[in-house]
Amino acid sequence: MNAMKPVMKFTFHLFGVAGEPSLICPESVALFWVLNKHAKDTTQYEVVFSNNTDLSPVRELPLLIVSEGNDDNSRQYLAGFTDIIQYLIENDHIEGVTSMSLDAIAALQFLSTDFKCMTLYQLYLNKNGYTKYTRKQFSKLLYWPAWYTTPLQIRSTVRDLCNETLQLEYLPIDEEELQELSSSKEEEAITLESELAQSKSLQLSQMTKRNKLDELKSFKHQLQYCNKLGELLQSWQDLTHDIQVDSTVLQILQIYYVANLYIQVTLPDGDNILKCLKQNLKESEVTEIVQKSHTYSTIENKLTIREPTFTEQGNITMSIYHKLKSYTSY
């Protein structure tokens with residue numbers, strides 16, 4: 001009698017909270033939408049919003065872990081939207097398609113480099129996006145002290161990536177200066193009244209000048225960004241017009257494209273992005289992007305979502321464990 005074949009299990013680790021993917025990771029958003037829209041059979045799928053890059057061999061999410069039964073040695077790790085989508089398609093897990101053409105791979109590569117970098121710029125290098133949205137989200141996603149240190153680390157990585165890929169300028173964000181503002185107020189409280197008045201007057205003047213300078217720089221950077229986004233939008237239009245791909249693959253590419261624009265429009269400076277879209281695309285194209293953004297962002301979830309186990313969490317204990325494990329693996 002033949003032994004039963006081990007049951008395959010597909011565990012997707014994403015950035016997210018409260019059962020939804022987080023906007024701080026465009027690839028987690030796009031993958032969540034694709035799985036709910038195009039996955040052939042979701043009974044063997046489970047999504048874990050672990051928010052823990054330590055689980056990934058390349059320290060990035062999303063991460064797919066494919067396993068057979070309880071055999072840890074059989075596990076296969078695939079990180080990043082591109083590798084995961086290629087695996088799912090080539091292993092017949094996406095409805096209606098089993099292969100990707102070279103055109104499709106090229107289009108996916110374009111979206112996962114230049115186009116994704118534009119979203120990461122808005123999340124981590126745009127001052128309003130970072131201070132008013134992105135940094136605050138990490139307190140919901142991670143444990144202390146990771147929720148403070150991780151966005152700084154990611155921001156540094158994104159800065160290098162965007163410098164190389166986009167060559168766009170950005171306003172610096174001095175974390176230490178922000179911390180010193182509160183302590184400086186306590187010092188002012190014990191100064192003489194005349195000195196305090198003089199200090200306030202000087203500070204007000206300096207702050208006004210600094211704010212005006214920042215506004216000018218921000219406006220300049222906004223123009224540079226919109227020009228670059230316009231170039232990439234045109235490149236995407238040209239690419240989708242010329243490529244020969246399966247209709248399902250084209251829909252997956254469009255989901256990735258829309259996910260990035262959806263995040264950019266949702267961030268604090270989203271009105272500027274929407275204005276830029278209207279300047280570079282036809283009205284019908286902008287309307288289609290807005291409609292698809294709404295459709296995908298409100299899509300009914302068909303996937304099993306479970307809470308991360310202790311070993312999957314990014315707590316201090318497991319962070320130390322993974323760091324020691326990485327040292328011993330060399």
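What percentage of the 330 residues of the protein chain counts as buried? In this predicted model, the figure is 43%. The chain is built from 11 helices and 7 strands. Its accessible surface amounts to about 18600 Å², and carbon and sulfur atoms account for 51% of that area. Where contacts link residues at least 6 apart in sequence, 73% of them join residues at least 24 apart.

S22 sits in the loop that runs between β3 (20-21) and α1 (26-38). S22 counts as buried because its relative accessibility is 5%, below the 20% limit that defines this class. Leaving aside residues up to four places away in sequence, S22 touches F15, G16, V29 and L141.

The charged side chains may be considered next. Side chains of opposite charge can pair when their charged atoms come close. The count of salt bridges in this model comes to 7. One of them joins the side chains of K116 and E27, with 3.4 Å from N to O. This pair connects distant parts of the chain, for K116 belongs to helix α3 (residues 102-125) and E27 to helix α1, 89 residues apart. Both K116 and E27 are buried.

A further salt bridge is found within one helix. The side chains of K228 and E231 meet at 3.9 Å, N to O. Both residues lie in helix α7 (residues 193-242), where a separation of 3 residues corresponds to about one turn of the helix. Are the two partners buried or partly exposed? K228 counts as buried because its relative accessibility is 18%, under the 20% limit. E231, in contrast, has a relative accessible area of 47% and is therefore partly exposed, since this class covers values between 20% and 50%.

The last pair to be described consists of R306 and E312, whose closest N and O atoms are 2.8 Å apart in a salt bridge. R306 has a relative accessible area of 25%, so R306 is partly exposed. E312, at 12% relative accessibility, therefore counts as buried.

How values were computed
Residues numbered from 1 in each chain as written. Predicted model: local features only at pLDDT ≥ 70, side-chain atom pairs only at ≥ 80, totals over all residues. Heavy atoms only, no water. Helix = DSSP H or I, 4+ residues; strand = E, 2+ residues; numbered from the N terminus. Buried < 20%, exposed > 50% of the residue type's maximum accessible area, 1.4 Å probe, protein only. Contact = heavy atoms within 4.5 Å. Areas by Shrake-Rupley, 256 points an atom, 1.4 Å probe, with all protein chains shown as cover. Salt bridge = Lys/Arg side-chain N within 4 Å of Asp/Glu carboxyl O.
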